[in-house]
Amino acid sequence: MTIQTVDPRALRDAFGAFPTGVTVVTACDGEGHPIGFTANSFTSVSLNPPLLLVCLAKTSRNFAIMTGAQHFAINVLSETQKDVSNTFARPVEDRFAAVEWARGSAGCPIFSNVAAWFECAMEQVIEAGDHVILMGRIEAFDNSGRNGLGYARGGYFTPTLASKAVSAASEGNMELAAVVERRGEVLLLGEDVLSLPSVDAHDGSPTEALQKYLETSTGLKVSIGFLYSVYQGKSDGKQHIVYHAVAGEGEPAGGRFLKPDALVAAKFKTSSTADIISRFAMESSIGNFGVYFGDETGGTVHPIPAKDAKA
């Protein structure tokens, strides 16, 4: 689509359709103190000579130090390091206290347990609109073999999870469900016993299959959002993948919209559904959502950052 005036928010959302890895860029200030920030605008450039680049916003509080540094490092986060990404994407006072790290040969902070790292000499700083491009000549690097952490459309994803989901789908062992929201209410099926709309997954894209099912069964326009819950069902042996979704206007052909905070005494088809609705009610009240990973009895919730992962 050709447009005369670019909406920055819409453009950022469009850029977010491209899945990227997540890195933390590190360097040292003039006194040797470590600095770092989360960035997903990173790419390889050349093998001979060995070059890479990362983009830095001119509004970044690290701008002066980074553009004046002689060396910097790229830490490619592994899929277990979402918390590290969140820490370095926010104005935390002592970010480095939350991560295990050591200095590289040029003095740049190198993190433990990353998928890979690169320590670079600053080759060139290139003007690029409201950003600059930091071009680095790689002087040292390492590759741990771990899977990298992924990022797309404002949320994290992990290659291991994606692989497991595809495998489960091909075996017919994955169930897709959605917390379909509209103005703070959630679409639930059933009268006395409530459940989330769900469908067994088969070949193809899980999100496309879920969207098609939701729109066909409800007669509403539905937009699939971020991943909300991933858990192994002990009772049914299925991998359950739950997404957040937003419904358009109209009366649903199936189910009804209910306020999640008014369902404390409601009966649900499974304890997992009850937990999902309870968590959604709590997170909606504070405006801070997370992704659950685990099984029916226990797991962890990883926060979804309010802003994207760029510096």
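Visitor: Why is Asn 113 called partly exposed?
Guide: Its relative accessibility is 42%. Buried means under 20% relative accessible area, exposed means over 50%, and partly exposed lies in between (1.4 Å probe, protein chains only). At 42%, Asn 113 therefore counts as partly exposed.

Visitor: What kind of model is this?
Guide: This is a predicted model, in which local features need pLDDT of at least 70 and side-chain atom pairs count only at pLDDT 80 or more, while totals for chains, interfaces and linings use all residues. Residues are numbered from 1 along each chain as its sequence is written, and side-chain values use heavy atoms, with hydrogens and water left out.

Visitor: Where is Asn 113, and what is its phi?
Guide: Asn 113 sits in the loop between β8 (109-111) and β9 (116-128). Its phi is near 65 degrees, a positive value in a residue other than glycine. Most residues other than glycine have a negative phi.

Visitor: Why does Arg 183 count as exposed?
Guide: Arg 183 has 62% relative accessibility, so it counts as exposed. Arg 183 is in the loop between β13 and β14 (185-188), and although not a glycine, it has a positive phi of about 50 degrees.

Visitor: What makes Asn 62 buried?
Guide: Asn 62 has 8% relative accessibility and therefore counts as buried. It lies in the loop between β5 (51-57) and α2 (63-68). Leaving aside residues up to four places away in sequence, Asn 62 touches Ile 35, Gly 36, Phe 37, Leu 56 and Arg 95; contact means heavy atoms within 4.5 Å.

Visitor: How do you know whether the bond between Asn 48 and Pro 49 is cis or trans?
Guide: Omega is about 0 degrees, and the peptide bond is cis. Pro 49 is in the loop between β4 and β5. Most peptide bonds are trans.

Visitor: What makes β17 and β18 paired strands?
Guide: Eight bridges join β17 (residues 222-232) to β18, and the two run antiparallel. Two strands pair if DSSP finds at least two bridges between them.

Visitor: How does β13 run relative to β18?
Guide: β13 (residues 174-182) runs parallel to β18, and eight bridges join them. Ala 178 stands opposite Tyr 243 in β18.

Visitor: Why is β18 called largely enclosed?
Guide: Eight of the nine residues of β18 (residues 239-247) are buried, so the strand is largely enclosed by the rest of the structure.

Visitor: What makes β3 and β4 edge strands?
Guide: An open sheet of seven strands has the order β3-β2-β6-β9-β10-β5-β4, with antiparallel pairing. β3 (34-39) and β4 (42-46) each have a single partner strand, so one side of each is left without a neighbour in the sheet. Neighbouring strands of this sheet are turned by 35 degrees against each other on average, direction ignored; axes are lines fitted to C-alpha atoms, for helices over the stretch in contact, and angles run from 0 to 180 degrees between N-to-C directions. Six bridges join β2 (residues 23-28) to β3.

Visitor: How many helices and strands does the chain have?
Guide: There are six helices and 22 strands. These are DSSP runs numbered from the N terminus, helices (H or I) of at least four residues and strands (E) of at least two. Buried residues make up 43% of the 311 residues.
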